[in-house]
Amino acid sequence: MAGALDLLNVNISQCEATERGGGISASPGASLVITASAFTRCRAGIGAVAAVCLANSGGASGGAIALHGARATIGGSYFEDTSAGCSGGAIACSLLSTLTIANATHIEAVFAQRGDGGALHVASGCEATCVS
């Protein structure tokens with residue numbers, strides 16, 4: 001049975017992961033629905049060496065949220081001051097994942113230290129949609 005997480009009006013702050021998903025890391029088959037929530041000062045893999053980023057392993061990615069084979073719908077939420085050592089300062093979406101961002105989700109002051117996608121990183125195999 002795959003895991004599921006629904007968040008409504010939740011604040012996730014000052015969290016850190018050594019690998020991926022400083023706030024939330026969603027594994028294959030997981031489903032996330034995040035509405036009207038905030039992610040602030042979340043970090044993933046800060047200080048990662050360049051070799052980790054070049055290996056494209058998905059490590060040190062997704063300062064707030066990392067999706068790896070998972071589905072996520074994010075609406076009306078706020079990401080501020082989140083960062084990743086490699087890719088996706090706020091959100092990293094990788095292999096076989098589906099990401100939908102809707103309803104004026106706000107992303108501000110985020111960065112990726114050594115990789116791609118200061119705010120969002122959509123890797124090969126990720127299907128991403130943004131709607132207003």
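## Parallel strand pairing

T35 has G75 as its bridge partner in strand β9. The model is predicted, so local features need pLDDT of at least 70 and side-chain atom pairs count only at pLDDT 80 or more, while totals for chains, interfaces and linings use all residues. Residues are numbered from 1 along each chain as its sequence is written, and side-chain values use heavy atoms, with hydrogens and water left out.

Strands here are DSSP runs of E with at least two residues, numbered from the N terminus. Two of them pair if DSSP finds at least two bridges between them. Strand β5 (residues 31-35) runs parallel to β9 (residues 71-75), and 5 bridges join β5 to β9. Strand β1 (residues 4-8) is also parallel to β5, joined by 5 bridges; L5 has L32 as its partner in β5.

## An open sheet

Four strands form an open sheet in the order β4-β8-β12-β16, with parallel pairing. Its edge strands, β4 (24-26) and β16 (120-122), each pair on one side only. From one strand to the next the twist averages 5 degrees, where axes are lines fitted to C-alpha atoms and angles run from 0 to 180 degrees between N-to-C directions. Between β4 and β8 (residues 65-68) there are 3 bridges, and I24 stands opposite I65 in β8.

## The salt bridge

The count is 1 salt bridge, meaning a side-chain nitrogen of Lys or Arg within 4 Å of a carboxyl oxygen of Asp or Glu. R43 pairs with D81, with the closest N and O atoms 3.4 Å apart. R43 lies in strand β7 (residues 43-44) and D81 in the loop between β10 (78-80) and β11 (83-84), 38 residues apart.
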